[in-house]
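I opened the notebook to keep track of what I looked up. The entries follow in the order in which I made them.

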Amino acid sequence: MAVEFGALLRDLRLAAGWTQEELSDRSGVSVHSISMLEAGRRRPRLSSVARLADGLALPAGRREQLVAAATRPATDRPATDRPATDRPASPAPPSAPAPAPASASAPAPAPVLPPMLPRMPVAAARGPRQLPSDSRLFTGRTVEGEFLAGVARLAPEGTEAGMVVLCVITGMGGVGKTALAVRTAHRVGERFPDGQLFLDLRSHTAGLEPLSAEDALETLLRSLDVPADRIPSGLTDRAALYRARLSGTRTLVLLDNASSAAQVRPLLPGSTGCLVLVTSRSPLVGLDDAHLLTLDVLPEDDAVDLLRRAAGAGPLPVPTPTTDPASPAAPAVGGLADFAELARLGGRLPLALRILGARLRHRPRLTAAALVEELREERHRLGLLRDEDRDLAALFRASYRDLPPEEQRLLRLLGVLPGEDLEVCAAAHLLGADRRGAERLLESLLGHHLLAQPTPGRYRMHDLVRSWSRTLAEEEPPARREIAGRRLLDHYQDTAERAGHRLARYRGHRPAPTGPAPRPAPDVDSPERARDWLRAERNNLLAAMARSGDPQRRSVITAALAPILELDGPRSEEAALHLAAAEAAAAQGRSLDRAEALWRAGRAHRLAGRFEESAELFDRAEQLYRELGDAHGRTHSAWERGRLAYQSGDLARAVELYGRALAGYRELGDPQGEAHTLWDLGRARRMLGETDIAEELLAAALAAYRSLGDRAGEAHALSDLADLRYCCGRTADSGDLLEQALTIARELGDRQSEANAAWLLGRIRLLQGAHPQARDLLDLALARCRELGIRQGEASTLSALGELHLVTGRTAAAVELQREAATVFRTTGNPHGEANALHGLALALRATGDRAAATGLLHGALETFEADGDLQAQAEVLNSLGLLAADLGDLPAALDRHRRALELARRSDSPLDEARALLGIGHCLPPAERPAALDAVRRGLVLLEAAGAAEAADARTRLALLTAAHPRAAAQP
């Protein structure tokens, strides 16, 4: 086992690219220990395995693999590695609880008791039996129970060093530590016939001082039948007698509510055979040989189940096809949805759930829905979470009393926090302290389970602790609270400004924030770090804006958030925030800030496909820019108006506006604005069929973005250059460019660029016949568009998925997807996009046999493309009309349409449409012109093969059939 574990540990460390010293720094395991473990010279200890897994940041699967290697039974080892006496394997630590299901209506299986140890013949019970009674309400904790059962197995042999087996169960107050310890003690108790001792060390017992180790030993010795006059007076002598009495016995000791390692250490037996379970709100890090089990709140299903049992409603019902999951038949205290919300408001904390359940059980007229309404008011929530002998607020206050003064002050100030979490720099500004001091205090609260750490570097309170801390904040003098809150808001505003400026793809003439950043300050000096900080702090910044009474502060933070709002959406929230900022700026007479906010709101509406609202906002912004004489603003407004015209299908107007913007940016000496406009102008020219000019413009934009270090712009230009080359039949080049664009977008966390690249690459994989890859890419694009609220992108992806379903034989699904895409395009005012979707719908209807409806749709789409001047789209539709005419046996009409398509395809430099037109011509030519037909099919096949299109296979088959039917014609040059 040691050799296998060591080899795996070494492989994982090298895969992470770390030295033993670096892994030691991250895990807290000494370099010497890591060296011995990797060499297979030391058996791994469970606590070390857990720390190494944390240090390596292993995913669940890898963590389980490492634990399995550490805990493999000795019989699995080679004979040469097997010690003379095998010993039980250490238990695998419990894995993280599975994520709660999205719907409370999804039932969980009835709680299963942890698998316990096999019953073995034991001697008749001899010692004291002091365990408290088990609870019928105990729910869940299956994984944790398995872990503790594994710990119990180790008791006969002890630890690697021959010490007594000890496990500390830790977690916040009310999380169910004692209940789990008692449940486990009852289930494994028969293995410890010499005694089952229980002692409350009173660490957080209201009105009582914690029990001293000396007094605890007196109680334990009395339990072991030591007469009072035989109990020594000193701690050392009492501990020695206690160890002597337990020596050679199999005794279970449950020490509840411990405060410190110093309190527990004298109470530990001195030799193997015994098991000690300790519960504490502190991890008791001074107990080096202890296994550690940290409890979190219950998963949603277990929380609902516990609440229902406590309320007398019974376990979760087993669903049937006719069951309404929100309204189980009986009893009528509430449906699952009500209990799920009640469990959420109770923080899924077992103690709170038991109190709420008892309230429902003893007040028959009270329903879960009514209790939910009572709990919604946060100020009154903790008042409802108490009964005659249980009080959650009192439990929290007991934890607070045990804290040093500095930690108490931080907990009070956390009550003024506007959001739900914070990082070290924010805590430092809240306290008016340095970074190191703030981190020390945060880690102390983390150790007392008054804070949690969902991700490295970020801290948050449990919902109920947060509610309590807000009342606790009132104990801080008002002036100090106000100063602390202002320091925090200043920190948020300053850092947001710096991060927003660094991340923004277009900064225009807005100057960078000046002056030194308040210290300590997060590092937001690169676009990637700026993005990560804004993304992590987004909710806190929004909460700070809502809390602040300063309109200018709200306006500044909104503008700073603009880049991350654009990256992550949703567009409706983005637009609403910018409109609110515009109103605030108007009220204060800040016209430039108002114009900028209106422009951003217009941009958000444009990206969401709300073109009328977008145009009206751009009008208002441009009017302000004119009144202010702001040439940069007017140029920027022309650029965005060009984008609006482009998305609306007015390509001539888009080219005109882009040209005006490009001249303006060049005159102003703005290389970033120039790069953006070159990119947009290239896209518009390409839509007009001016392929060579478009490629030059897009290549120039790509070079400009790379010179500016604008990786997001680089990803956009790569995607559009790839799209152009794809339409020109250069599919291999196109796929390579899109892979580059997709990689950049993922590195940047730019979900919009990721959506664009995934959509285009999905279309290429569809053309190549790689249908599973196409489906994955298009599903990704659709998900990103919906996350961001990009309706136009959503519609384009739905249409592409319709094409995929059609070629894979799912015709009905193809029809529905194309109809949905056309509806979205229509409602967002994009006739060009609607015509594309209707073209796809016509092809799907043709497959169903409804050729009349298909023909009508195609003629309508052709009219739209003729009005737009989109030659390539016209060629596509004409080819489809040719197919329909051929279906009906009207070969002359089909031939005419394919010939017209051929002409337009060549004018618009679209080899794919040219190939399809040639194949159609070859199919429709009369027998007398078979040599021309063969020639057309051959030329079409060459174009399809050059493009890497899957359609080439059908073209080869057609060519073979023609050749076999007319060998003389095939032989002609």
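Predicted model: local features only at pLDDT ≥ 70, side-chain atom pairs only at ≥ 80, totals over all residues.

Is serine 719 buried or exposed? Its relative accessible area is 4%, so serine 719 counts as buried, the cut-off being under 20%. I placed serine 719 in helix α31, which covers residues 711–727. I then listed what serine 719 touches, not counting residues up to four places away in sequence: Leu738, Ala741, Ala757 and Leu760.

Next I looked up serine 799. This residue is found in helix α35, residues 791–807. With a relative accessible area of 8%, serine 799 is buried, because the value is under 20%. Leaving aside neighbours within four places in sequence, I noted contacts of serine 799 with Gln818, Ala821 and Ala837.

For glutamate 190 I had to look in a loop, the one between α7 (177–188) and β2 (195–200). I read a relative accessibility of 27% for glutamate 190, so this residue counts as partly exposed; the class lies between the 20% and 50% cut-offs. I also checked glutamate 190 against leucine 252, which is 62 residues apart from it along the chain. The C-alpha atoms of the two are separated by 9.7 Å.

I turned to the helix pair α23 (residues 551–568) and α24 (residues 571–587). How do the axes of α23 and α24 cross? They come within 9 Å and cross at roughly 150°. That makes α23 roughly antiparallel to α24, since angles over 145 degrees fall in that class. I recorded the crossing of α23 past α24 as left-handed.

I wrote down the residues on both sides of this contact. From α23 they are Pro551, Ser555, Thr558, Ala562, Leu565 and Glu566. From α24 they are Arg571, Glu574, Leu577, His578, Ala581 and Ala584. Sorted by class, the contact of α23 with α24 has six nonpolar, three polar and three charged residues.

In soluble globular proteins, nonpolar side chains tend to be buried together. Which residues touch the most other members of the largest nonpolar core? Of its 109 residues, I found Leu275, Leu342, Leu392, Phe396, Leu411, Leu414 and Leu561 in that position. I followed up leucine 561, again without residues up to four places away in sequence, and found that it touches Leu534, Arg538, Leu541, Leu542 and Met545.

Methods:
Residues numbered from 1 in each chain as written. Heavy atoms only, no water. Helix = DSSP H or I, 4+ residues; strand = E, 2+ residues; numbered from the N terminus. Buried < 20%, exposed > 50% of the residue type's maximum accessible area, 1.4 Å probe, protein only. Contact = heavy atoms within 4.5 Å. Core = buried A, V, L, I, M, F, W, Y, C linked by side-chain atoms within 4.5 Å. Axes fitted to C-alpha atoms, helices over the stretch in contact; angles between N-to-C directions. Parallel < 35°, antiparallel > 145°, perpendicular 65-115°, else oblique. Left-handed = near helix turned anticlockwise from the far one by under 90°. Nonpolar A, V, L, I, M, F, W, Y, C, P; charged D, E, K, R; others polar.
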